[in-house]
Amino acid sequence: VSDQKPLGCWSVKHGQIVTCPVVCNFETHEYIAVHDDKVLRIWKNTDINLDKVFKATLSADVYRIHSLPNGGPVVLFKGGGVRTLDVLLEAPQQEIENVVSDEVIRWSEAFMEGQQLVLIFATENDGDFFVYVQKLKMNSLHKYKLEQQELSKPLTFTAYLKDGIITFLCLYSNDSVYKVLIPLQQHSEEEEQILSKSLLLNLSVSGSVLKGTSFVVLDKDHIAVLGSLAASGEESKECLTIWNTKFQTLQTSKELPLGTSGQLWCYEEKFFFTHGKVLTVIMYKCETSSLAAAVGKLKDSQTPDVSSFVNWNTLEDEELVVSFQSQQSAALKSESRMTLRSKRNSVAKVQPDTLSVGQRLLNLKDASTTVFEGELRQLMSKARMPDFQATIGCVVTALINRCKTNPKYYPCTFLLQIVQTRDLSYSLCPDLMAVALEKKDVHLLQICLQRFPDIPEEITYACLKVFLSISEAYLQKVDVNLESVICYIDMESNNEAVKTEIVENGFNAELEQDTWVTKITKQTHRTPDGELCPVGPQKAALLNAVLHSAYSETFLLPHLKNLPAQQAVLFLRYLYYLYVKCSEKINTALPGIRSPTINQIMDWMCLLLDAHFTVMVMLPEAKELLSNLHKFVRAQVRFYSELNKIEGSLRELQRLNHQKDFQTYSIEVLELI
């Protein structure tokens with residue numbers, strides 16, 4: 001998530017449907033999925049095709065799989081039956097009991113109580129709601145009926161386990177959250193006990209009512225609710241809210257104008273939810289609750305025992321940022337997107353040396369360029385771990401913000417120095433490359449492509465388009481790192497080509513005139529047929545940086561289809577040139593530092609042909625290129641096919657040479673059949 005890169009993608013066949021969330025088996029590092037209700041699939045990161053991974057068809061429909069770090073996966077069936085994954089795999093077709101009869105499961109969760117795995121799930125039948133608690137090791141199951149609420153019903157549930165008591169929370173349609181306590185130790189023999197509930201929180205403040213869709217527990221005094229907040233007569237707005245249940249107050253809220261899916265997850269002090277088309281991750285920190293903090297009257301920001309919860313302020317309006325007034329270093333995590341800022345009214349009371357990063361940057365907002373850059377350099381020199389990366393990210397963000405507000409200001413050298421000497425990532429300064437693209441700062445873009453591990457495919461494509469569109473004359477005037485091309489592209493373009501002909505072993509030149517007869521020159525920037533590199537060394541170095549950048553084919557291909565046809569042909573010509581250059585060497589590797597590998601070249605050629613094959617076929621200028629590429633690949637296939645034919649003989653020869661004890665001199669004739 002921090003690098004914003006997809007690590008794996010697996011698809012079921014057309015017509016199949018994944019019917020419950022995929023989970024990870026923490027013990028075996030495998031993924032577990034269920035499609036079409038009954039078909040279980042288990043695979044690892046190294047697996048590519050789901051059709052070839054483990055498959056088991058079960059005898060009953062699966063509702064949900066729960067996986068805990070120390071408890072192993074457990075499968076909950078729609079009929080209420082429960083099995084651990086190990087037991088289920090021993091006999092996939094074993095009969096599964098029906099526990100809930102006509103009820104429908106609406107929610108479930110699993111916990112660990114010591115070494116005991118506890119499963120809780122809620123069901124509904126004709127408006128009545130029931131809660132089941134099952135302890136797997138003891139094979140005990142308790143059923144409860146939820147006390148009915150007039151004119152309202154439960155929308156969603158959540159729960160947590162502490163000190164042998166399950167705290168079961170229900171979000172009702174009357175905009176209220178109710179609490180139910182369920183002890184794990186039950187001695188009653190009643191088949192169905194009635195659970196009484198108590199009002200925990202009313203989701204209304206100052207005439208506004210929150211229509212919640214999902215909620216999570218943060219600690220014993222705080223919950224987060226995702227929903228629509230609306231005042232009377234006003235249009236409702238989706239927002240994420242955090243409530244203090246101890247003092248019945250709205251702690252903070254953030255409007256989400258792009259909309260959400262209505263789902264909210266919480267894991268290791270991070271919120272996860274979709275905002276528009278992106279997954280948003282927000283860090284938070286719970287501290288001891290106090291009335292002063294709950295009602296917003298907190299004065300002393302250095303008091304450690306207060307809940308200075310979430311501050312949505314940011315140096316960039318389009319980014320959600322979490323900040324805490326106290327214990328700021330605890331909130332700063334490496335490779336996060338957070339910017340620290342305390343309340344503005346406390347800035348004047350604090351000495352400059354003790355100001356937070358956000359406060360110091362805020363004070364520099366109107367400073368002169370000299371003072372501004374000087375303070376930023378000083379800030380970077382004093383940055384210490386663990387907040388080092390976040391501080392550098394704040395510095396770059398401040399520079400970019402000034403570039404946005406003042407179009408004439410662009411500290412090219414300063415930005416280049418930071419990127420070259422600091423361990424940055426795209427997610428720490430997402431607007432840096434956007435501004436560099438706008439300014440056509442190709443050197444900075446080249447360094448970013450080489451050093452950033454998490455560049456989105458959209459930005460990679462934008463860099464490629466800019467590099468291909470810029471003229472060679474312009475590139476000769478700018479500074480570009482040529483270390484990736486200097487060893488195989490001759491920098492002197494006036495040298496005359498001196499051609500020599502080499503016939504590779506395994507082919508007859510008369511029979512294979514158009515295939516494996518290669519011509520090389522003393523000029524390193526010519527291909528075997530004497531063709532010059534289609535781009536200059538500066539543009540070649542920039543394109544090499546693109547070839548080295550990480551990408552996901554699924555996300556890059558749609559952007560690559562928008563590349564203009566002439567640029568696509570030029571890029572393919574360069575890739576073909578590299579491909580031929582690689583094939584000249586026995587180890588199929590180009591010399592130099594950060595030179596493209598044969599796999600990178602092949603992958604990009606395939607991507608480009610996938611994106612533009614129809615256009616390439618129609619373009620007259622691409623016809624000869626495609627023909628040459630086809631012939632060259634065909635020649636290589638034939639050559640390696642011939643090598644495969646004599647592979648057995650070569651191995652036998654190697655074995656014989658090891659067995660024989662040759663004297664000082666010998667001649668031996670071997671016949672290859």
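This is a predicted model: local features need pLDDT of at least 70, side-chain atom pairs count only at pLDDT 80 or more; totals for chains, interfaces and linings use all residues.
Residues are numbered from 1 along each chain as its sequence is written, and side-chain values use heavy atoms, with hydrogens and water left out.

The protein contains 17 helices and 26 strands, where helices (H or I, at least four residues) and strands (E, at least two) are DSSP runs numbered from the N terminus. Of its 673 residues, 48% are buried; here buried means under 20% relative accessible area, exposed means over 50%, and partly exposed lies in between (1.4 Å probe, protein chains only). Among contacts (heavy atoms within 4.5 Å) between residues at least 6 apart in sequence, 52% join residues at least 24 apart.

In soluble globular proteins, nonpolar side chains tend to be buried together. A nonpolar core is defined as a set of buried Ala, Val, Leu, Ile, Met, Phe, Trp, Tyr and Cys residues joined through side-chain atoms within 4.5 Å. The largest such core has 85 residues, of which L432, M433, F452, F467 and Y574 touch the most other members. Helix α14 (residues 565-584) supplies the largest share of this core, namely 13 residues. Another core, lying apart from the largest one, has 22 residues, including W107, V131, Y144 and I182. When neighbours within four places in sequence are left aside, F467 is in contact with V442, L445, Q446, L449, K539, L542, L543 and V546.

A second residue considered in detail is L58, which is found in the loop between β4 (54-57) and β5 (62-68). L58 counts as buried because its relative accessibility is 3%. Beyond its neighbours within four places in sequence, L58 is in contact with K38, F77, L88, P92 and Q93. The C-alpha atoms of L58 and Q94 are 7.7 Å apart in space, although the two residues are 36 apart in sequence.

Among the cysteines, C20 counts as buried at 6% relative accessibility, and C170 counts as buried at 0%. With a disulfide taken as a pair of cysteine sulfur atoms within 2.5 Å, the count comes to zero disulfides.
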